[in-house]
Amino acid sequence: MSHSIAIYNFKGGVGKTTTAINLGISWSRSFKVLLIDFDPQSNLSNSISISRSRQTTYSAVKNILHDHPLNLEPTEITPYLHLIHGDFLMTEFESNNQFISFGSSIISDLISQVKGDYDFIIMDCPTNFGVLVKSIIRSSQNILIPAIADNFSITGIQQLMTYIAASNNDSLNILGIFFNMFNGQLKLSQEKFNDAKQKFGQLILENTVSRSIKVGEANDIGQSVSEYSPDNSAAKDFVKLSDELLAKFHTTSLNEDFIIPDLLETISKGV
């Protein structure tokens, strides 16, 4: 069974692309993985692919929009890791009336075209909460949320949950929220992590990812940090995070713990 996962937070600088790269490369050692770069900045594509494909998220969505044949041929990064390139032209769909009306079905059509070929489809989302992001979330089975343990973490997460609920995907499963670039030695970081656990319970994943310059260096050469510097603390953290998430896909309760209707009730109760 194929699992589609949107990686999203409306807050910038939380490591969405880094998360997509590291999970994608990690999971592709055992599973067939497709990365879809929906961010017009295309940082994911620029990091892991040196070639520029004529087929991009923009051309794929445009073909579906105009009822043209899709004929997708994702770029092969490795035999088990493929990529649909990002494109800055994706910003055009924010003002396209046809996409505004039918965006969720268009993204669903795109995912349906490829889901039979992959175990995991990981989608790197833009930072904003525009028409494109709403369509991606509405079309995805799961969402994973990177966050930062700072002064705005609790209010930011609560606002984010409200945004996600507004996507109107009642079957969307919240894989969890994890704290990225985390420094457990800082009192503030640990306090924010504990506050988030108290407020949001099991929505907060147990594993955090440490801040490390090695992560950025790995991104620059298109590697996961575990490939680039396997003994690095962040590399070990991403391995643990990967294992924690994979365990969720091997439990029968994956789509029963945190779906949107339950999430709204959780927020209203302040759990």
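## Ground rules

Residues are numbered from 1 along each chain as its sequence is written, and side-chain values use heavy atoms, with hydrogens and water left out. Because this is a predicted model, local features need pLDDT of at least 70 and side-chain atom pairs count only at pLDDT 80 or more, while totals for chains, interfaces and linings use all residues.

Let's start with β1, which covers residues 3–7. Strands here are DSSP runs of E with at least two residues, and helices are runs of H or I with at least four, numbered from the N terminus. Five of the five residues of β1 are buried, so the strand is largely enclosed by the rest of the structure. "Buried" means under 20% relative accessible area, "exposed" means over 50%, and "partly exposed" is in between (1.4 Å probe, protein chains only). His-3, Ile-5 and Ile-7 point one way from β1, with Ser-4 and Ala-6 pointing the other way.

Two strands pair if DSSP finds at least two bridges between them. β1 pairs with β5 in the parallel sense over five bridges, and Ala-6 has Met-123 as its bridge partner there. β1 is also joined to β6 (residues 142–147) by three bridges, again running parallel; Ile-5 is partnered with Asn-142 in β6. As for β5, five of its five residues are buried, so it too is largely enclosed by the rest of the structure. Phe-120, Ile-122 and Asp-124 point one way from β5, and Ile-121 and Met-123 the other. Five bridges also join β5 to β2, and these two run parallel. Met-123 turns up here as well, as the bridge partner of Ile-36.

## Helix α8

Now for a helix. In α8 (residues 213–220), the buried residues are Val-215, Ala-218 and Asn-219. Looking down the axis of α8, these fall within an arc of 100°, so they line one face of the helix; the arc is that of the directions from the helix axis to the C-beta atoms. The face turned away from the buried side carries the exposed residues Ile-213 and Asp-220. What do the buried residues of α8 pack against? They pack against α1 (16–27), α2 (43–48), α9 (225–228) and α10 (233–249), where contact means heavy atoms within 4.5 Å.

The two ends of α8 have details of their own. At the start, a side-chain oxygen of Ser-212 reaches to within 3.1 Å of the backbone nitrogen of Lys-214. That is a polar contact: a pair of N or O atoms within 3.5 Å, where, within protein, one must be able to donate a hydrogen and the other to accept it, and residues adjacent in sequence count only if both atoms are side-chain atoms. Just after α8, Gly-222 takes a positive phi of about 70°.

## Aromatic rings

A search of the whole structure finds twelve aromatic pairs. Rings of Phe, Tyr and Trp (its six-membered ring) pair if their centres lie within 6.5 Å; planes under 30 degrees apart count as stacked, over 60 as edge-to-face and the rest as tilted. Phe-31 and Phe-120 have ring centres 5.3 Å apart and planes at 90°, so this pair is edge-to-face. Phe-31 sits in the loop between α1 and β2 (33–37) and Phe-120 in β5 (residues 120–124), so the pair ties together parts that are 89 residues apart in sequence. Phe-31 is partly exposed at 23% relative accessibility, while Phe-120 is buried at 3%.

Tyr-58 and Phe-93 make a tilted pair, 5.3 Å centre to centre with 35° between the planes. Tyr-58 is in helix α3 (residues 57–65) and Phe-93 in the loop between β4 (81–84) and α4 (97–114), 35 residues apart. Both are buried. Elsewhere, Tyr-8, Phe-10, Phe-129 and Tyr-163 form one aromatic cluster.

## Asp-87

Last stop: Asp-87, in the loop between β4 and α4. Asp-87 is buried, with a relative accessible area of 13%. Its side chain reaches the backbone nitrogen of Leu-89 at 2.9 Å. Not counting residues up to four places away in sequence, Asp-87 touches Asp-39, Pro-40, Ser-42, Thr-56, Thr-57 and Tyr-58.
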